[in-house]
Amino acid sequence: MNNVFKSSHLFAASTMDELSIEEISDISLSNTSKGVLCKWLAIIGQDLYYLKTGKLSYGKFSDLQPISEWIASEVGKLLGIDVINTLYFDASLKDSLDYKAQDVLISYTKNFLGPSEVFQSMYKMEDADNLYFVLKRDYSEYMEDVNRMIIFDFIINNVDRHTNNFGFICDEDSLEIKRFAPLFDNGNSLLSDLTEEELITMSTVDIDRYSICKPFAHNHLYQLKMVNKLPSINLDFGRDEIEEIVSNFSLDISRKRKDCIVNLISRRLNYVKELYSKV
């Protein structure tokens, strides 16, 4: 598997600022468990980039998934874990059969594969119902990476870490594992699945109790408790650093959403600190 996702179209430009995207209707839409996304590729200079919109619903693209991709990337840097660096830009789209003319936020990440490398996801792993224990048994040298992923997904409330969006980087010919892949595809997190009204009416207790997760359990709290020992990860930061990240986001999202994101990350971070202080 040479690419993290496949696309029927390839854009090209000398720099990201010169990239022009007006029409993407010929691109195959990606139907995920969390909605319809547009994903495609771009060659910028000599480098390959992966580009992605937010959820498409009734002809309108959401900005929330690209926003969450970027914030999650910055939180990952604070945690000191290997999360793919995510940036974003605006594009003006023309009318098409699938969507109306609009300005759309697009997140983009640089290809993390080197020459002669391929990405091998967990999708075809056997015993998927007991995947965590299979990994622990057969890939013990990578459990620090797996456990960091679980903690990261808990802190950002990632509800869609399915088995196609994490795995190993392997040698293209031998398929020998070289390293754990950086964490990518983090857009379905940070409450991006909730509307403004739901953010107002839903309590933090409900969010923590009923948020679903993947791939090892259906509940974040249960999945987190699979991690018996804290992996190498930086927890030495707090609300001030989190507020700085969210406040520095240049696009207009509501004050309520910003506060909910800051509260979520701060609350989950404190829970992790307290949980592992007792281990």
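User: Buried means under 20% relative accessible area, exposed over 50% and partly exposed in between, with a 1.4 Å probe and protein chains only; so is phenylalanine 61 buried or exposed?

Analyst: Phenylalanine 61 counts as buried, because its relative accessibility is 1%. Bear in mind that this is a predicted model, in which local features need pLDDT of at least 70 and side-chain atom pairs pLDDT 80 or more, while totals for chains, interfaces and linings use all residues. Residues are numbered from 1 along each chain as its sequence is written, and side-chain values rest on heavy atoms, without hydrogens or water.

User: OK, and how much of the chain is buried?

Analyst: Of the 279 residues in the chain, 51% are buried. The chain has 8 helices and 11 strands, taken as DSSP runs numbered from the N terminus (H or I, at least four residues, for helices; E, at least two, for strands).

User: How many aromatic pairs are there?

Analyst: The search of the whole structure gives 15 aromatic pairs, where ring centres of Phe, Tyr or Trp (its six-membered ring) lie within 6.5 Å, and planes under 30 degrees apart are stacked, over 60 edge-to-face and the rest tilted. One of them joins phenylalanine 61 and tyrosine 99, whose ring centres are 5.3 Å apart with planes at 55 degrees, so this pair is tilted.

User: Where do those two sit in the chain?

Analyst: They link distant parts of the chain, 38 residues apart: phenylalanine 61 belongs to strand E6 (residues 60-61), whereas tyrosine 99 lies in the loop between strand E7 (86-93) and strand E8 (102-110). Tyrosine 99 is also buried, since its relative accessibility is 3%.

User: What about tryptophan 70 and tyrosine 88, how are their rings set?

Analyst: Their ring centres are 6.1 Å apart and the planes stand at 90 degrees, so the pair is edge-to-face. This pair, too, links distant parts of the chain, with tryptophan 70 in helix H1 (residues 64-79) and tyrosine 88 in strand E7, 18 residues apart. Tryptophan 70 is buried at 12% relative accessibility, but tyrosine 88, with a relative accessible area of 22%, is partly exposed.

User: Which residues make up an aromatic cluster?

Analyst: Tyr132, Phe133, Phe166 and Phe216 form one aromatic cluster.

User: Switching to helices, how many residues of H3 are buried?

Analyst: H3 is mostly covered, with 12 of its 14 residues buried, and the buried ones include Met143, Asn147, Arg148, Asp153 and Phe154.

User: And what covers them?

Analyst: The cover over the buried residues of H3, with contact meaning heavy atoms within 4.5 Å, includes H1, helix H2 (131-138), strand E11 (177-180), H6 and H8.

User: Last one: what share of the contacts joins residues at least 24 apart?

Analyst: Counting contacts in the chain between residues at least 6 apart in sequence, 67% join residues at least 24 apart.
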